[in-house]
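Trainee: I want to learn how to read a model like this one. Can we go through it feature by feature?

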Amino acid sequence: MLRLITDFDGPIMDVSQRYYRVYQFCLQKIRYPQQSVQELSRAEFWQLKRSRVSERQIALKSGLDTIQAQEFAQLRRQTVHTEGYFEYDNLIPGAVDTLLKVQQAGIDLAVMTMRRVRELDYALQKYNLGNFFPENRRYCLSNDYIKTTDIEDKPLLMERALRELPTVCDTWMVGDTEADITAAKKFGIKVIAVESGIRDRTQLEMYQPDLIVEDLRTAVKIILESGLAEMRSS
């Protein structure tokens, strides 16, 4: 049996609108009265995020001073994962159809995300995705987990998943960040990076995934073809 472990934000969920709304809020909150700022367009902002430009640099590009930039970065960290903003997330086009295809192919499907339980549950309920990911196939942070960095925390989730999940003949990981690639490679799992999330190709290439493709749909097509090829050769 094949297993697919997929990240949630990036392959399945588009978070760009949430991140941009938080950017707009923080910019307006931190600017001085009467201060002229240059609000970036959503496309400009997201391009900067995807190329890993720091929050401070984004603030400076938007017309804030160095002290404000520090405050902006801090407020953004405090705000981006708060309840009111998750409603701005949207499904990646074709993601649900792709998950259906995975399910119909009999692939064991699990989700692995840096969201907390309440954040993941909210999205699974809102978009009716729970049937793809039963509770024993959800790997996320507890609501009271003290985060370090994604690149340190995600391998811990992967370690737990590999300890708990039934043995399969082949496992693939699909994700959109360096944390996904690092977690998969640490445990010898094949990893496909997708460009539909928060990192651009240049950033993804630095961590040397097995493949970089456009989106989850393309990744699953490759995984299914790989599975068929292995069945024919065995």
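Mentor: Start with domains. Domain bounds come from an automatic or database domain assignment. Keep in mind that this is a predicted model.

Trainee: Into which domains is the protein divided?

Mentor: Domain 1 covers 2-14 + 90-233, and domain 2 covers 15-87. Their centres, taken over C-alpha atoms, are separated by 28 Å. Domain 1 puts 17 residues into the contact and domain 2 puts in 14 residues.

Trainee: Next, pockets. What is the volume of the largest pocket?

Mentor: About 1,000 Å³. Its lining counts 43 residues, and Y19, R76, H81, D150 and R199 lie nearest its centre.

Trainee: Where does the largest pocket lie relative to the domains?

Mentor: Look at who lines it. Domain 1 and domain 2 both give residues to the lining, so the largest pocket lies between them. Elements that give two or more residues include β2 (13-14), α1, α4 and α8 (178-186). The most comes from α7, with 4 residues.

Trainee: How does the lining of the largest pocket split by class?

Mentor: There are 20 charged, 13 nonpolar and 10 polar residues.

Trainee: And enclosed space? How is that found?

Mentor: Rolling a probe the size of a water molecule over the atoms shows where empty space is left. In this structure there is 1 cavity of 30 Å³ or more. The largest cavity holds about 40 Å³ of space.

Trainee: Which residues line the largest cavity?

Mentor: Y19, V22, Y23, F45, E55, F72, R76 and V80. Helices α1 (16-30) and α4 (66-79) each supply at least two of the lining residues. The largest share, 3 residues, is from α1. By class, the lining has 6 nonpolar and 2 charged residues, with no polar ones. Note Y19 and R76: they line the largest cavity, and they are also among the residues nearest the centre of the largest pocket.

Trainee: Now the core. How do I read one?

Mentor: Look for buried nonpolar residues joined through side-chain atoms within 4.5 Å. The largest nonpolar core here has 28 residues. L4, F8, I12, L99, F133 and V174 have the most contacts inside it. Elements giving two or more residues to this core include β1 (2-6), α5 (95-104), β6 (170-175) and α10 (216-233). The largest share, 4 residues, comes from α10. Another core lies apart from it, with 21 residues, among them Y20, L27, I58 and L64.

Trainee: What does I12 touch, leaving out residues up to four places away in sequence?

Mentor: T6, D7, N90, L91, I92, A95, L99, L129, F133 and L216. L99 and F133 are themselves among the residues with the most contacts inside the largest core.

Trainee: How do I read a single helix?

Mentor: An α-helix has 3.6 residues a turn, so residues three or four places apart point the same way. Now take α2. F45, W46, L48, K49 and R50 are buried there. The buried residues of α2 pack against α1, α3, α4 and α9 (201-205). Just after α2, R52 takes a positive phi of about 65 degrees.

Trainee: Last, one residue. Why does L156 count as partly exposed?

Mentor: L156 has 46% relative accessibility, so it counts as partly exposed. L156 sits in helix α7. From D9 it is 147 residues away in sequence and 18 Å away in space, C-alpha to C-alpha.

Methods. Residues numbered from 1 in each chain as written. Predicted model: local features only at pLDDT ≥ 70, side-chain atom pairs only at ≥ 80, totals over all residues. Heavy atoms only, no water. Buried < 20%, exposed > 50% of the residue type's maximum accessible area, 1.4 Å probe, protein only. Contact = heavy atoms within 4.5 Å. 1 Å grid on protein atoms, 1.4 Å probe; cavity = no way out; pocket = protein on both sides within 12 Å on 5 of 7 lines; lining within 4 Å. Points joined across faces, edges and corners; volume = space filled by probe spheres on them. Nonpolar A, V, L, I, M, F, W, Y, C, P; charged D, E, K, R; others polar.
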